[in-house]
Amino acid sequence: MKLHEYQGKELLRRFGVNVQDGKVAYTPDEVRQIAQEYGQSVVVKAQVHVGGRGKAGGVKFSPTPDKAFENGQKILGMDIKGLTVKKVLVTKAVDIDKGKEYYVGMIVDRNVQSYTLMACAEGGMEIEELAVEKPDAIIKHRVDPVAGLRPYEAREIALKAGFEGNLNKLADMMVKMSKAAFELDANLVEINPLFVGEDGIPLALDTKFDVDDNAMYRHKDLADWRELEAEHPLEIEASNYGFAYVKLDGNVGVLGNGAGIVMTSLDVVNRAGAKPANFLDIGGGARADIVYNAIKLVSKDTDVKAIFINIFGGITRADEVAKGVIQALKDGILTKPVRMRIAGTAEEEAKALLAEVNSDLIQMYPDMFQAAESAAQEANK
Amino acid sequence: MSILIDKDTQVLVVGMTGREGANHTKAMREFGTKVVAGVTPGKGGLTHEGLPVYNSVRDAQAGHQIDCSIIFVPPAGAADAVLESAHAGVPLIVLITEGVPTIDMMRAVQEVKQLNAASLAEGGKGIRLIGGNCPGLVSSGEAKIGIMPNKIYSQKGRIGLISRSGTLTYEAAKLLGDAGLGTSTTVGIGGDPIIGTTFADVLPLFEADPETDAIVVIGEIGGADEEAAAEYIQNHMKKPVVAFISGRSAPKGKRMGHAGAIIMGNVGTPESKLAAFAAANVPVADTMPQIIDLVKQVLSK
């Protein structure tokens, strides 16, 4: 689960990280009020779950409360990559010319089977840009998953990366960030820019925080922060059903049992000359009602012109899949052509059930390629 | 012979009395696997389908030889169950559970590796974890320690199979069976970002297995496991390897079902995986059926 900047900052603050003051505002008037309260220049920052908000005009320096109000008007309601800005963070501004900006972040790194801590003396940029432009300037360090980051390691990293400032305080900030990552099950936590002013004291100006969805059960207090309106409505419905679902931009609805087979189904639809409208994994062991809901969900998507169902039954019984499809047809939910490939556990029973139905809407094929080709043809008609 | 397991492997099912544990215990026994006991904390002393249930792995070890434990424990307790088996010295641990928190897996995998090194240093068998979020492993016609459909693994063959995806493992095994080739051992390594055993860990076992002639590697987008496998193949393998990469049309930055199936930046792209296999002279199939053509080609060389 991705968190907003102000939420990530709140979490880092709880772990003792020195974070730039800021408050959330929902209206331009609130923005002005906060700016007046701070009595200094502020920065108004859009709070949306996408990167590149600065470039999109979602971050504005505001020297006076009136200017802050004006910037609040501009940013609130703005569309950034398809998401509407509903709130802004108003933070005290710092004079970045009177200090240095650095980058520190921790990411789950499958190659070292732990977190890798990254540090770079070039702050303010996205890590992806840094990795391309200054790969050698990024110091990478595997963090022991049991011991966590130790202060001496943090000092070594800060020195290697060329950080200037109070070394102990810099190291302390990195250790606290590391503790936050472990204790809050972060997939990613970044402090960027990490600002060091003339006093040598490090200050977190911005942060990114992404929490492992599998671990949400032990962070129930964070669950309230999930913002469903930031997600596609069909993705919300899919998550209510427990499906792994991704909305894509094509016209063939794709569903199957297992991430691997659905990914391959997307590839096959592409090869057949159409584009997938979604990725939908019904999971292992799905019963008829799950399949019914999957068809209901995919049918609601107006982009979908045909549906490709690809099943290789292991724990999943093919006859349960067939029953779900048949019920959807009977209830009038299934209205678009369905092209199916069904194999594996209870394949014969499934075929017998579907043969009885005799509807033009449902056709079976012996392999996934023929089924995908037929679905592509129907969708492109 | 086969890799990791055979018809004599004695299996402990951890979480045997749960729904999945019970169903798959039955299916494994139907396959011919020697399931000897189960563990469900608090249900020790009961029997399930005629098998004894114990409160702990150590209790089970007192009455049985345990070569392998297969774990069907829900996500919150799964890593703990792995460590229980590892500290009891069970040489092969198969974690089926999906959705285990990543940090739990980081810690469990590291601890298992330390226990493995200690065991080997003392002249023991070592300790290996396969999974999580994996379908397990099968030596065709001998034993299945996992959740694959039994039917597709009746035919013993000479092709080794390794995959990150459960369903694609079934698909490939069926294709190999239908083509009259069949599989020696199939290892589903799992779709999570942090797993106990990688492609590069399994390849040397197949290289050393006299009953395997060629290996099929089924990868997908995300991570750099395929790239590491390609490097291992290039430097160490004499037996031919054929590959397939799933998710080649997936958009960047979107997680495709598997926790690990996501392209981040330029890491984990299909292009980098295809390039790595090309550099290692590993042919990559465009479609799954083409795997069969490629296997036949490499075998005839």
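1. Buried here means under 20% relative accessible area, while exposed is over 50% and partly exposed is in between, using a 1.4 Å probe and the protein chains only. Keep in mind that this is a predicted model, where local features need pLDDT of at least 70, side-chain atom pairs count only at pLDDT 80 or more, and totals for chains, interfaces and linings use all residues. For bookkeeping, residues are numbered from 1 along each chain as its sequence is written, chains are lettered from A and ligands numbered from 1 in the order in which they are written, and side-chain values use heavy atoms, leaving out hydrogens and water.

2. How many aromatic pairs does the structure hold over all chains? There are four. Y102(A) and F163(A) make a stacked one, 4.3 Å centre to centre with 20° between the planes. Y102(A) sits in strand β8 (residues 99–109) of chain A and F163(A) in the loop between α5 (151–161) and α6 (167–183) of chain A, so the pair ties together parts that are 61 residues apart in sequence. As for the terms, rings of Phe, Tyr and Trp (its six-membered ring) pair if their centres lie within 6.5 Å; planes under 30 degrees apart count as stacked, over 60 as edge-to-face and the rest as tilted. Helices (H or I, at least four residues) and strands (E, at least two) are DSSP runs, numbered from the N terminus.

3. Another pair, Y115(A) with F182(A), is edge-to-face: 4.9 Å centre to centre, 85° between the planes. Here too distant parts of the chain get linked, with Y115(A) in strand β9 (residues 114–120) of chain A and F182(A) in helix α6 of chain A, 67 residues apart. Y115(A) has a relative accessible area of 0%, so it is buried. F182(A) comes in at 9% relative accessibility, so it counts as buried.

4. Now have a look at D210(A), in strand β13 (residues 207–211) of chain A. Is D210(A) buried or exposed? Its relative accessibility is 18%, so it counts as buried. Beyond its neighbours within four places in sequence, D210(A) has contacts (heavy atoms within 4.5 Å) that include M1(A), K2(A) and D185(A).

5. Leaving out residues up to four places away in sequence, H219(A) touches E183(A), L184(A), D185(A) and V211(A). H219(A) is buried, with a relative accessible area of 6%.

6. Over in chain B, I127(B) is in the loop between α4 (102–121) and β7 (128–131). With 8% relative accessibility, I127(B) counts as buried. I127(B) and L92(B) are 35 residues apart in sequence, but 5.8 Å apart in space, C-alpha to C-alpha. Setting aside neighbours within four places in sequence, the contacts of I127(B) include P91(B), I93(B) and V112(B).

7. Finally, the big picture for chain B. What does its secondary structure come to? Chain B has nine helices and 14 strands. Buried residues make up 61% of its 301 residues, and its C-alpha trace spans about 55 × 40 × 40 Å along the principal axes. Of the contacts in chain B with a separation of 6 or more, 73% are between residues 24 or more positions apart.
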